[in-house]
Amino acid sequence: MAEGKWIAGLDPHMRATEAACVVLAARLDTVRHYLPLAAKAADENIEYVHQLRVGTRRAGAALRAFASFLPAKHLHTTKARLRVLRQAAGDARDWDVLLEMMSSNTSSAVPSSQPALDFLRGYAACERVAAQSRLVDAFEDVGAAFASSSALMPGRVRGRRGKPQTLGDVASEVILLCLGRFQETLDARPESAPELHALRIRGKRLRYAIELFAECFEASLRETIYPAVEDVQEILGEMQDATVAAARFHTLHATAQRVSGPDWPRLEPGFRALEVEQEEKWPRGWERFRSWVKRWTELMQSHAPESLQISAKSA
């Protein structure tokens, strides 16, 4: 099972249909491997859910990259099942992230924050249990069908009409498209949380595309462009996590006030401290993002032409 970022054994001059079989088999096998573990053994290792979520994203990238080589009916069915699994894993993983965030929260060092943290940990733990139940439901609803259809997917690969294409041809199409969309979103000067989230999504598409096709290009794509995309994903991810956490704390603020009754004065200082702590992460993240934009602009000017050259190596 190839569960890592990179797929070995690819060559830009191999037939695209041959490469599609290799890539789809590797990416879909990872999802099939982690799906039962995430559904049935998450208590043993929460990393199973994380790996399932990432695996579904990488598998989705592979399906998009080779969509024109696959029968539309089977492609759409597999993508729909994959989406159900990705959303269920994402829901569970989001609560894991929030629980981890509260475990390492600096507010826990303030005694007045402890009652609120205890309340929120209990609430988040209950929501995590509910999310796990939904993940199990998704596994039972579509898991078997996904396993059978995805296992057959590499065998459904067909050539495109016209001139046979190499993997390098496909790689150039996909990378240029993903890079162009990412740069277009960046050039629009995103500032709001939704705009930065849209940039993050396009950054993910670019990142997963590079992971698929890095072997087709000169080394600078993997050694310079890819790390920069990883950097902005980390920056925007932390900003998004803080935005989501602050919104959840704000919503739960009202709920806790309503249900806690006379205990609310003990909870209120901690809630306010948690909300402020998450809100303060935004300006720090924004400064990091602005610095990244400058580095990215310089990187595109100095390395993009070289990085996007198809490698001259052959199998």
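Colour the protein chain by pLDDT, the predictor's confidence in each residue from 0 to 100, and select helix α8 (residues 264-307), where confidence is lowest at a mean of 88, then helix α2 (residues 47-65), where confidence is highest at 97. Helices here are DSSP runs of H or I with at least four residues, numbered from the N terminus. The mean pLDDT of the protein chain is 90, and 94% of its residues reach 70 or more. Where pLDDT is low, the predicted coordinates should not be read in detail.

This is a predicted model, in which local features need pLDDT of at least 70 and side-chain atom pairs count only at pLDDT 80 or more, while totals for chains, interfaces and linings use all residues. Residues are numbered from 1 along each chain as its sequence is written, and side-chain values use heavy atoms, with hydrogens and water left out.

Next, select Phe66, Phe213, Phe289, Trp292 and Trp296, the residues with the most contacts inside the largest nonpolar core, which has 93 residues. Such a core is a set of buried Ala, Val, Leu, Ile, Met, Phe, Trp, Tyr and Cys residues joined through side-chain atoms within 4.5 Å, where buried means under 20% relative accessible area, exposed over 50% and partly exposed in between, with a 1.4 Å probe and protein chains only. Helix α7 gives the most to this core, with 13 residues.

Stay on Trp296 and show its surroundings: leaving aside neighbours within four places in sequence, tryptophan 296 is in contact (heavy atoms within 4.5 Å) with Leu179, Phe182, Gln183, Leu186, Ile225, Ala228 and Val229. Ring pairs also link Phe182, Trp286, Phe289, Trp292 and Trp296 into a cluster.

Across the whole structure, a search finds twelve aromatic pairs, counted where ring centres of Phe, Tyr or Trp (its six-membered ring) lie within 6.5 Å, with planes under 30 degrees apart called stacked, over 60 edge-to-face and the rest tilted. Tryptophan 264 and phenylalanine 271 form a tilted pair, at 5.6 Å centre to centre and 45 degrees between the planes; tryptophan 264 is buried, at 7% relative accessible area, and phenylalanine 271 is buried as well, at 0%.

Move to arginine 222, which lies over the face of tryptophan 6 at 3.9 Å from the ring centre, and then to arginine 248, placed over the face of tryptophan 95 at 4.1 Å from the ring centre. A charge counts as over a ring if NZ of Lys or CZ of Arg is within 6 Å of the ring centre and within 35 degrees of the ring normal.

How values were computed: Helices (H or I, at least four residues) and strands (E, at least two) are DSSP runs, numbered from the N terminus.
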